[in-house]
Amino acid sequence: MDEMKEHVCIICSQVKQEGITIISQFVCEECESEIVNTDAEDAKYHFFIHQLKQIIVPNKV
Ligand SMILES: [Zn+2]
């Protein structure tokens, strides 16, 4: 059996066990599938992109 680790999803801020890790940041599988299924014109899409930018472009000190 695999040891299930808990991670905090960067999108929904909830603790989940299953999901993907992008550049050491965790996105739960629910949010991942939501991103995939969200239309680019949907306002939610921009929220996801905003959250993802925090991974891709980390804040400089
Ligand atoms: Zn999530």
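Is Cys9 buried or exposed, and at what relative accessibility? At 1% relative accessibility, Cys9 counts as buried, where buried means under 20% relative accessible area, exposed over 50% and partly exposed in between, computed with a 1.4 Å probe on protein chains only.

The views below show a predicted model, in which local features need pLDDT of at least 70 and side-chain atom pairs count only at pLDDT 80 or more, whereas totals for chains, interfaces and linings use all residues. Residues are numbered from 1 along each chain as its sequence is written, and side-chain values use heavy atoms, with hydrogens and water left out.

**View 1. Overall fold and confidence of the protein.** The protein has 2 helices and 4 strands, and from the N terminus on these elements run β-β-β-β-α-α; helices (H or I, at least four residues) and strands (E, at least two) are DSSP runs, numbered from the N terminus. The average pLDDT, the predictor's confidence in each residue on a scale from 0 to 100, is 82, and 84% of the residues score at least 70. Among the elements, α2 has the lowest mean pLDDT (79), while strand β2 (residues 15-16) has the highest (95). Of the 61 residues in the protein, 23% are buried.

View 2. The zinc ion has as its protein donors the SG atoms of Cys9, Cys12, Cys28 and Cys31, lying 2.3 Å from it; donors are N, O and S atoms within 2.8 Å of the metal (3.2 Å for Na, K and Ca), and water is not among the atoms, so sites may look incomplete. The 4 donor atoms subtend angles of 100 to 119 degrees around the zinc ion, and the arrangement is therefore tetrahedral, a label given to four donors if all angles lie between 85 and 135 degrees. Along the sequence, the donor residues follow the spacing C-x2-C-x15-C-x2-C. Cys31 counts as buried at 5% relative accessibility, whereas Cys12, with a relative accessible area of 27%, is partly exposed. The structure holds 0 disulfides, a disulfide being a pair of cysteine sulfur atoms within 2.5 Å.

View 3. Leaving aside neighbours within four places in sequence, Val8 is in contact (heavy atoms within 4.5 Å) with Ser13, Gln14, Val15 and Phe26. Ser13 has its place in the loop between β1 and β2, where its phi is near 60 degrees, a positive value in a residue other than glycine. At 55% relative accessibility, Ser13 counts as exposed.

View 4. Strand β3 (residues 19-22) and strand β4 (residues 25-28) pair in the antiparallel sense over 4 bridges, pairing being assigned if DSSP finds at least two bridges between two strands. Ile22 has Gln25 of β4 as its bridge partner. The two strands form a hairpin with 2 residues between them, and Ile23 in the turn has a positive phi of about 45 degrees.

**View 5. Gln51 in helix α2.** Gln51 is found in helix α2 (residues 43-56) and, with a relative accessible area of 11%, is buried. Not counting residues up to four places away in sequence, Gln51 touches Ile10 and Ile11. Across the protein, residues 24 or more positions apart account for 18% of the contacts with a separation of 6 or more.

Key:
Four donors count as tetrahedral if all angles lie between 85 and 135 degrees; four count as square planar and six as octahedral if opposite donors are over 155 degrees apart and all others between 65 and 115; anything else is irregular.
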